[in-house]
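Colleague: I have some questions about how the labels on this model were reached. Can we go through them one by one?

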Amino acid sequence: EADGPTNMAVDDAILEAVGAEDSPPTLRFYGWSPPCLTLGRSQPQAEADLEACRAAGVDVVRRPSGGQAILHTDELTYSVALRQTDPRAEGGVLEVYRLLSDGLLLGLNRLGVGAAAAAGKADAGVKTPICFETPSAYEIVADGHKLVGSAQWRARGAVLQHGTLPLHGDLGRIVNYLRFPEEEREEQARRLLSRATTLEAALGCRMPFDRVAEALAGGLAQVLNITLAPGSLSAGERARAAELRRTRYTDPEWTARR
């Protein structure tokens with residue numbers, strides 16, 4: 001677990017190192033402490049209720065990837081960094097989404113989750129600041145409810161895809177940290193809960209973080225036809241992550257950008 005700026009800085013540093021061929025393709029699992037509201041790369045900061053976040057001790061950080069807001073708490077987050085020349089990164093955004101979704105699905109199936117990849121594209125008519133309200137193509141659903149939300153970013157010769165799997169807890173909490181009229185919050189939370197779910201709800205029991213990470217890693221390794229080796233951040237990645245945390249992910253100008 002780490003705070004929001006650190007988590008985003010580490011993903012960014014790994015992407016850079018993988019693109020420069022200083023690090024191998026990397027799969028990472030992590031958590032968040034304290035809870036954090038992340039905004040998509042181009043999402044207006046005005047959609048976040050900064051005062052409510054501050055009062056509750058919730059970090060606010062802007063992701064390098066796109067998409068809408070996510071409240072990160074009680075979850076497992078994965079990230080995958082590949083060089084753009086890697087055969088597993090061939091094709092466009094959707095091709096890589098589909099490939100990684102296949103691996104995540106296999107891992108979830110190993111846990112006993114009857115999950116599937118969403119077909120087609122998200123409804124263009126749905127306008128929402130909340131990521132988990134609408135599944136995009138190849139994102140993962142269980143019993144018609146969104147279970148994994150992912151986003152992708154390509155830069156500096158590499159592809160980064162990271163995504164959120166809520167393990168347990170009330171997904172409706174996010175409405176307390178976004179700018180909705182007070183009279184709409186309850187309805188927004190109810191609508192979200194009718195469209196999204198947690199791993200605990202999908203399984204009927206709570207599953208420990210390490211067990212979930214192990215299953216997802218196995219599914220991804222099988223689909224990508226690779227052998228995974230445990231590792232840790234290199235000295236270069238640690239130094240670069242510290243620099244990016246200081247100069248980007250804690251910078252109010254980055255958080256406020258559009």
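Modeller: What follows takes each label and sets it against its cut-off; the model is a predicted one.

Colleague: What makes β1 and β6 edge strands?

Modeller: The sheet is open and has 6 strands, in the order β1-β5-β9-β8-β7-β6, with antiparallel pairing. β1 (26-30) and β6 (115-117) each have a single partner strand, so one side of each is left without a neighbour in the sheet. Neighbouring strands are turned by 20° against each other on average, direction ignored.

Colleague: How do you know that β1 pairs with β5?

Modeller: A pair needs at least two bridges. β1 and β5 (residues 75-83) are joined by 5, and they run antiparallel. Thr26, for one, stands opposite Ala81 in β5.

Colleague: Why is β5 called largely enclosed?

Modeller: Buried means under 20% relative accessible area. In β5, 9 of the 9 residues are buried, so the rest of the structure largely encloses the strand. Both faces are covered: Glu75, Thr77, Ser79, Ala81 and Arg83 are buried on one side, and Leu76, Tyr78, Val80 and Leu82 on the other.

Colleague: Which helix lies across β5?

Modeller: Helix α3 (residues 93-110) does, and it also lies across β6, β7, β8 and β9. The helix runs at about 140° to β8.

Colleague: What makes up the largest nonpolar core?

Modeller: It has 28 residues, and Leu108, Leu165, Leu199 and Val212 have the most contacts inside it. The elements giving two or more residues are β5, α3, β7, β8, β9 and α6 (209-224). The largest share, 6 residues, comes from α6. A second, separate core of 17 residues includes Cys53, Leu71, Leu171 and Tyr177.

Colleague: What is Leu165 in contact with?

Modeller: Leaving aside neighbours within four places in sequence, the partners of Leu165 include Leu76, Leu108, Leu147, Leu199 and Val212.

Colleague: Which part of the chain does Glu16 in helix α1 link to?

Modeller: The loop between β8 and β9, through Arg156, 140 residues apart. The closest N and O atoms of Glu16 and Arg156 are 3.2 Å apart, against the limit of 4 Å.

Colleague: Why is Glu182 called exposed?

Modeller: Exposed means over 50%. Glu182 has 59% relative accessibility, so it counts as exposed. Arg185, by contrast, is buried at 11%. The two form a salt bridge, with closest N and O atoms 3.2 Å apart. Both lie in helix α4 (residues 182-193), 3 residues apart, about one turn of the helix.

Methods: Residues are numbered from 1 along each chain as its sequence is written. This is a predicted model: local features need pLDDT of at least 70, side-chain atom pairs count only at pLDDT 80 or more; totals for chains, interfaces and linings use all residues. Side-chain values use heavy atoms; hydrogens and water are left out. Helices (H or I, at least four residues) and strands (E, at least two) are DSSP runs, numbered from the N terminus. Axes are lines fitted to C-alpha atoms, for helices over the stretch in contact, and angles run from 0 to 180 degrees between N-to-C directions. Contact means heavy atoms within 4.5 Å. A nonpolar core is a set of buried Ala, Val, Leu, Ile, Met, Phe, Trp, Tyr and Cys residues joined through side-chain atoms within 4.5 Å. Buried means under 20% relative accessible area, exposed over 50%, partly exposed in between (1.4 Å probe, protein chains only). A salt bridge is a side-chain nitrogen of Lys or Arg within 4 Å of a carboxyl oxygen of Asp or Glu.
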